[in-house]
Amino acid sequence: MAKRKPKNKQELPSKSEVKKKRVKKVAKKRVSRVEKTRNHQTMTEAAFFNWIKNSLRSRSRFWKPISACKQNAKRPYKGVNKRQKFEYQCNLCKNWFSDKETAVDHIIPVGSLKSFNDLSGVVERLFCEIEGLQVLCSNCHTEKTKQDLINIRQ
Ligand SMILES: [Zn+2]
């Protein structure tokens, strides 16, 4: 295991410097400054809920329906690239792509997490079973994400 790099004390600004900077910022942006209400006054509401959502997302790496969905779309690759062993079918355009060119998509978008009221829905959609998932190529995924955003705004 790699040892953590020790913090270089000289690189850190002194306490008075930090204070000065903070005072300057407050004076400049007093009106638009968002109050840090979470995590011992270090996080805004938005930062807090983003942090929660990212934590959940990182757990979905171990969610088996996601890897199973990808496995189901897989076949041996027989093209010219000798390093590529498998290819995956996009559920929308039905073409075949490499591992890197594809991603598992939530058919019903997970949606944004802005308050505790959104939490149960986000968890339910993020950790859905295999029927709620599909493999998409980068192009189709980009298009779908765009469309999802339009649908949310309507
Ligand atoms: Zn596609």
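Me: Which residue in strand 3 does Y88 stand opposite?
Reply: Two strands pair if DSSP finds at least two bridges between them. Strands (E, at least two residues) and helices (H or I, at least four) are DSSP runs, numbered from the N terminus. Here, Y88 stands opposite F97 in strand 3. Two bridges join strand 2 (residues 86-89) to strand 3, and the two run antiparallel.

Me: What should I know about the model and the numbering?
Reply: This is a predicted model: local features need pLDDT of at least 70, side-chain atom pairs count only at pLDDT 80 or more, and totals for chains, interfaces and linings use all residues. Residues are numbered from 1 along each chain as its sequence is written.

Me: In what order do the three strands of the open sheet stand?
Reply: The order is 1-2-3, with antiparallel pairing. Strand 1 (74-76) and strand 3 (96-97) are at the edges. Each has a single partner strand, so one side of each is left without a neighbour in the sheet.

Me: How many helices and strands does the protein chain have?
Reply: Five helices and five strands. From the N terminus on, they run α-α-α-β-β-β-β-α-β-α.

Me: Which residues make up the largest nonpolar core?
Reply: A nonpolar core is a set of buried Ala, Val, Leu, Ile, Met, Phe, Trp, Tyr and Cys residues joined through C-beta atoms within 7 Å. A residue is buried if 20 or more other C-beta atoms lie within 10 Å of its own, exposed if 12 or fewer, and partly exposed in between; C-beta atoms are placed from the backbone. In this chain, the largest core has twelve residues: I66, C69, A73, Y88, C90, F97, V104, L133, V135, L136, C137 and C140. Helix 3 (64-72) and strand 5 (133-137) are the elements that give two or more residues to this core. Strand 5 gives the most, with four.

Me: Which residues does I66 contact, leaving aside its neighbours within four places in sequence?
Reply: Two residues are in contact if their C-beta atoms, placed from the backbone, lie within 7 Å. By that rule, I66 is in contact with S60, V104 and L133.

Me: Is H40 buried or exposed?
Reply: H40 counts as exposed, because it has 6 C-beta neighbours inside 10 Å. Q41 counts as exposed with 9.
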